[in-house]
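Colleague: I am new to this structure. Could we go through it by question and answer?

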Amino acid sequence: MSPEKEEGLVINLDDCLIRQSSLIPTEILDAPITIIGAGAIGSWTSLMLHKMGMTDTTIFDFDDVEVENMNSQFYSLRNIGSPKTSSLKNNIINFTGIEPKINNSRFEAIPENTKILISAVDNMATRKQAWNLAKNNKNLGLFIDPRMAIEFALMYAIDPNSEKDIQTYENTLYSDAESVQERCTAKSTVYTANLLAAQVCKVVKDYLLGNPYVRILQWDIANNVMKSYPNKVNKKRK
């Protein structure tokens, strides 16, 4: 059905989510989530979170959609040349009926009341900036840092108020100069981005329900080898 035919059609969100309602209850769907970055990981994570029914999201990115983004990011050809945030917002509305909040500028502060911060960025400098704002932030419950190469995925789900988690995570914050620089033809694939985005969304669901969630994920997708380290939680997070 085209967007024109959908205009004026009233759809109950609960009806759209009926097939997941016993797994993802509606009472967690208004948790405030902030996503930094609307690239390969961020754009698909944003789509999946809204497909799950999350209704209180804020997306940061200051880039425009470029032709080389077409292979691995949630944009159409008509989005090329437009800001990623506004393009992603419209795409999410068309696919889910839910309108995210967007910010077409550099990330400099965590929006008030954010419970989960997802750092879907492509450089260590911005990642460190996000972490410095998240660390010891009493309002924030979870900091998720997904990273990817063309066929490798890495994810950290960190309690920013846990000294043990802080120490573990800060050992991973090397500089951009120290990072592996992939050649331009071996940077990203849509399946790696989607596999990792799905893991991020699973962590969000588990965290909000107070279930054990994956704290560290290492996934060698090229060789089909995954290692994950879950934590144990009993208290419901909301």
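Modeller: Let us start with F143, which counts as buried at 0% relative accessibility. Bear in mind that this is a predicted model.

Colleague: Is Y169 buried or exposed?
Modeller: Buried means under 20% relative accessible area. The relative accessible area of Y169 is 0%, so Y169 is buried.

Colleague: How many aromatic pairs does a search of the whole structure find?
Modeller: The search covers the whole structure, and the number of aromatic pairs is eight.

Colleague: What kind of aromatic pair do F143 and Y169 form?
Modeller: A pair of aromatic rings is described by the distance of the centres and the angle of the planes. For F143 and Y169 the centres are 5.4 Å apart and the planes are at 70°. Planes over 60 degrees apart count as edge-to-face. The pair of F143 and Y169 is therefore edge-to-face.

Colleague: How many residues apart in sequence are the parts that this pair ties together?
Modeller: F143 belongs to strand β5 (residues 142-149), whereas Y169 belongs to helix α6 (residues 163-170). The pair therefore ties together parts whose separation in sequence is 26 residues.

Colleague: Which residues do ring pairs link into a cluster?
Modeller: F143 and Y169 are both in the cluster. With the other members named, the ring pairs link W131, F143, Y156 and Y169.

Colleague: Which residue in β8 is the bridge partner of I216?
Modeller: Strand β7 (residues 214-220) pairs with strand β8 (residues 225-230) in the antiparallel sense, over six bridges. The two strands form a hairpin with four residues between them, and N224 in the turn has a positive phi of about 60°. In β8, the bridge partner of I216 is Y229.

Colleague: Is T58 buried or exposed?
Modeller: T58 sits in strand β2 (residues 57-60). Neighbours within four places in sequence aside, T58 is in contact with I33, T34, I35, K101 and P111. Its relative accessible area is 11%, and under 20% counts as buried. T58 is therefore buried.

Colleague: Is L77 buried or exposed?
Modeller: L77 lies in the loop between β2 and α4 (84-96). With V67 and I80, L77 forms a nonpolar patch on the surface, and the three have about 300 Å² of accessible area together. The relative accessibility of L77 is 66%, and over 50% counts as exposed. L77 is therefore exposed.

Colleague: What share of the residues in the protein chain is buried?
Modeller: The secondary structure of the chain comes to seven helices and eight strands. Of its 238 residues, the buried share is 47%.

Notes. Residues are numbered from 1 along each chain as its sequence is written. This is a predicted model: local features need pLDDT of at least 70, side-chain atom pairs count only at pLDDT 80 or more; totals for chains, interfaces and linings use all residues. Side-chain values use heavy atoms; hydrogens and water are left out. Buried means under 20% relative accessible area, exposed over 50%, partly exposed in between (1.4 Å probe, protein chains only). Contact means heavy atoms within 4.5 Å. Patches are made of residues with over 30% relative accessible area and no salt bridge: like charges are joined within 9 Å, nonpolar side chains (Val, Leu, Ile, Met, Phe, Trp, Tyr) within 5 Å. Accessible areas come from the Shrake-Rupley method with a 1.4 Å probe; for residues, only the protein chains shown count as cover. A salt bridge is a side-chain nitrogen of Lys or Arg within 4 Å of a carboxyl oxygen of Asp or Glu. Two strands pair if DSSP finds at least two bridges between them. Rings of Phe, Tyr and Trp (its six-membered ring) pair if their centres lie within 6.5 Å; planes under 30 degrees apart count as stacked, over 60 as edge-to-face and the rest as tilted.
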